[in-house]
Amino acid sequence: MKLRKFLRTDTLLPYWLLLPTLAYLLLFFLFPLVSAIGLSFRTPEGRFTTEYFLRMLNDRLFLPALRYTFFLALTVVPLQVITALAISLLVNTRFVGSRFFLYLCVLPLGISDLAAGLIWLSIFTRHGYLNSILYSLGLIERPLVFLSAENPGWVFMSIVIAEHWRATAIVLVILVAGLQMISRDYLEAAEVLGARPWQKFLYVTLPLLKPSLQSALIIRTIFAFQVFAVVEALGGHMVPVLASAAYEWYAFYFQRHVAAAYAVIIMAGSVLMTLILFRFLRMRREMIRT
Amino acid sequence: MSFRRLRRQTLIYLAAITVGVWVLVPIVFIALAAFTPRRELLSWPRPIIPSHFSLETIQFFLKATGVLPSLLNSVWVALMTVAITLVVGAPAGYAVARFFFRGREAFRLGILMTRMFPVPLLAIPLAVTFIRWGLYDSLVGVAFVHAAMGLPFAVIITSGIFIGVPKELEEAAMTLGCSRLGAFIRVALPLALPGLAAAAMFAFVLSWNEVFASVILTLHNRTLPAQILAGLRGAPLDFRFVGGFFMAMPALLFMFFIRKYLFQMWGGVAER
């Protein structure tokens, strides 16, 4: 009796429970989205203008920032997915101590991008740990300079390493969760049918893991587009990215309109990359089917 | 056969140790750096293990202008973030866990979509709005934005937790005379408490770590990451190293407590 009443009279209850969250998200996501577009396309008097976008496009930081952001995403994200896939398969062998090992591997997840950047700064600076180790091994006489404007390639590499160290864990968590959902029955069936380990991986594990791979890829790509504090900590001015350009225009030049234009570009870039990924992944699925 | 097994085991452990070292070594380095005397830290070649452990570098960091206040600010902002995300998000998590209603899937999708929202797009327009509302350069303002970033996660985590609390227990309490609210408070809430604590810690870490919105939305009332970032280009190296150490350590501690829930959060399976 009570149960039926509880189901019937409470039809409105879930909506009441959702209301605060919905209101909050509208206020803090939809509203900034609209006002960012407003800021970047409208003068303070309310006229439509492309002035701010033109200023952004003519900014000497713009093209390098766009290039570096894309390159970083294209370098770091595939590396992270491959590493995380390998580690998750390692965890999935369920060796003794694998739970502790997994916990160890996801540790960097709790470390902020700024802290991670500074941690790697202590390794890559001129008198840093890397140079000190190379020296004590007798491999170098004088410290190598990794982080200097003369060698943006080295700076870029250090950023890739720091980002890889910091954010592979999130991919790992998603993939491990995905692997755990794959029923052992499929693998056992494949084994009975005489599949070799690599065949099991290629034809059973990988296709079943695809949804997890997909979401990991998308989440990481989107976050890679906002890369900021790691770059600030390691590269400063030497390697500009979109988010640091937005920060600079906002905090140093006091041009919030141009900063908003950069923010819109970051959003557009991550939406574009997501769409490309969706498109690409769907195409691949059809290719496999035919 | 057993030889192949042995070889396989050896390879697995070798790989695991390699990965473990790769993850741990930078953390060990920054901890060593924090306890190395300043002079040794900046000398060449820098000793990996300091000649003696000293608190000199940490003291230097803590005494630097603005560090202690920003440390307190960070704690305050994180606590407010926890309060807002749980008060606003937990009811929604409960609704998603307990009810099948029209628009449930749309709501879940919307929640997921907000995770794709870049922080600059959130922070820059809100800074302009906050100036108008008188929230600019205030800790509450930063906490509002951090809570917006944490809210989707809070809904996802709490819904996972409430799914884990059997519905039947609540229904039993109601047949025994509890009201809907009473059943929730007396039965579901106590059972969900450990999970809610993890959700709270997650929100805390998110706020503690966040830097872009904090640095955009404040000028004098900086949180610790914002303070460090704003001074990055002028600060001496040892200051920056200890800053990294201070930001990373509490997060590591929290990771220990929330490790069980990490997998649940990402749409996976909880503990086996």
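Colleague: Take helix α8 (residues 152-181) of chain A: how far apart are its end C-alpha atoms?
Modeller: Bear in mind that this is a predicted model. At 1.5 Å a residue, the 30 residues of α8(A) should span 44 Å. The model agrees with that, as the end C-alpha atoms are 43 Å apart.

Colleague: Where does α8(A) bend?
Modeller: Let's look along the helix. The bend is about 40 degrees, and the residue where α8(A) makes it is A167(A).

Colleague: How are α4(A) and α10(A) oriented to each other, roughly parallel or roughly antiparallel?
Modeller: Helix α4 (residues 62-92) and helix α10 (residues 197-225), both of chain A, have axes that come within 9 Å and cross at roughly 150 degrees. The crossing is right-handed. Angles over 145 degrees count as roughly antiparallel, so that's the call for α4(A) and α10(A): roughly antiparallel.

Colleague: And how many nonpolar residues are in the contact of α4(A) with α10(A)?
Modeller: On the α4(A) side you have L72(A), V76(A) and Q80(A), among others, meeting residues of α10(A) that include L213(A), L217(A) and R220(A). By class, the contact has 1 charged residue, 3 polar and, to finish, 10 nonpolar.

Colleague: Over to the chains, then: which helix gives the most to the side of chain B that touches chain A?
Modeller: In total, 77 residues of chain B are in contact with 78 residues of chain A. Chain B's side has 59 nonpolar, 11 polar and 7 charged residues. The element that gives the most, with 14 residues, is helix α12 (residues 237-265) of chain B.

Definitions and conventions. Residues numbered from 1 in each chain as written. Chains lettered and ligands numbered in written order. Predicted model: local features only at pLDDT ≥ 70, side-chain atom pairs only at ≥ 80, totals over all residues. Contact = placed C-beta atoms within 7 Å. Helix = DSSP H or I, 4+ residues; strand = E, 2+ residues; numbered from the N terminus. Nonpolar A, V, L, I, M, F, W, Y, C, P; charged D, E, K, R; others polar. Expected span 1.5 Å × (residues − 1). Bend = angle between axes of the 7 residues up to and from the residue. Axes fitted to C-alpha atoms, helices over the stretch in contact; angles between N-to-C directions. Parallel < 35°, antiparallel > 145°, perpendicular 65-115°, else oblique. Left-handed = near helix turned anticlockwise from the far one by under 90°.
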